[in-house]
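Here is my note on the model, as numbered points. Please read it with the structure open.

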Amino acid sequence: MAWLETTAAAVRAGEVGAPELIELLGELRRASAACADASDWALLAAREEGASLRQIAPVFGKGYVRAPAARLEKLHRQAQNSGQWLAILRHNQSV
């Protein structure tokens, strides 16, 4: 939050312009996608290590298991385990 406040102040002061903000936006979008991919890997790996959906559910911000169950179902259409998901990520990075 401190970084965001500092950046917002720099924008208001005219120290950061649209080109820099567009570049920053691109970096943040790439970082967001990378975090989502890593989160999916960790979800698959946690299940492989025996974590229950009830144990996982709180990190999804829900008090029920539908969110991680739905995410696992979607992931399983692409990969059956964390190793396969990692291979997909490696392939996508090389493309």
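1. Helices here are DSSP runs of H or I with at least four residues, numbered from the N terminus. The model is a predicted one. Read from the N terminus, the order of elements is α-α-α-α-α. That makes five helices and zero strands.

2. How does the overall spread compare with a compact globule? The radius of gyration is 18 Å, whereas the globule rule gives 12 Å for 95 residues. The value is well over the rule, so the chain is more spread out than a compact globule. The C-alpha trace spans about 50 × 35 × 20 Å along its principal axes.

3. Burial and contact range come next. Of the 95 residues, 18% count as buried. Among contacts with a separation of 6 or more, 47% join residues 24 or more positions apart.

4. The crossing of α2 past α5 is left-handed.

5. Which residues make the contact between α2 and α5? From α2 come Asp 37, Asp 40, Trp 41, Leu 44, Ala 45 and Glu 48. From α5 come Ser 82, Trp 85, Leu 86 and Leu 89. By class, the residues of this α2 and α5 contact are six nonpolar, one polar and three charged.

How values were computed
Residues are numbered from 1 along each chain as its sequence is written. This is a predicted model: local features need pLDDT of at least 70, side-chain atom pairs count only at pLDDT 80 or more; totals for chains, interfaces and linings use all residues. Side-chain values use heavy atoms; hydrogens and water are left out. A crossing is left-handed if the near helix is turned anticlockwise from the far one by less than a right angle, and right-handed if clockwise. Helices (H or I, at least four residues) and strands (E, at least two) are DSSP runs, numbered from the N terminus. Contact means heavy atoms within 4.5 Å. Ala, Val, Leu, Ile, Met, Phe, Trp, Tyr, Cys and Pro count as nonpolar, Asp, Glu, Lys and Arg as charged, and the others, Gly among them, as polar. The radius of gyration is taken over C-alpha atoms; the globule rule is 2.2 Å times the number of residues to the power 0.38. Buried means under 20% relative accessible area, exposed over 50%, partly exposed in between (1.4 Å probe, protein chains only).
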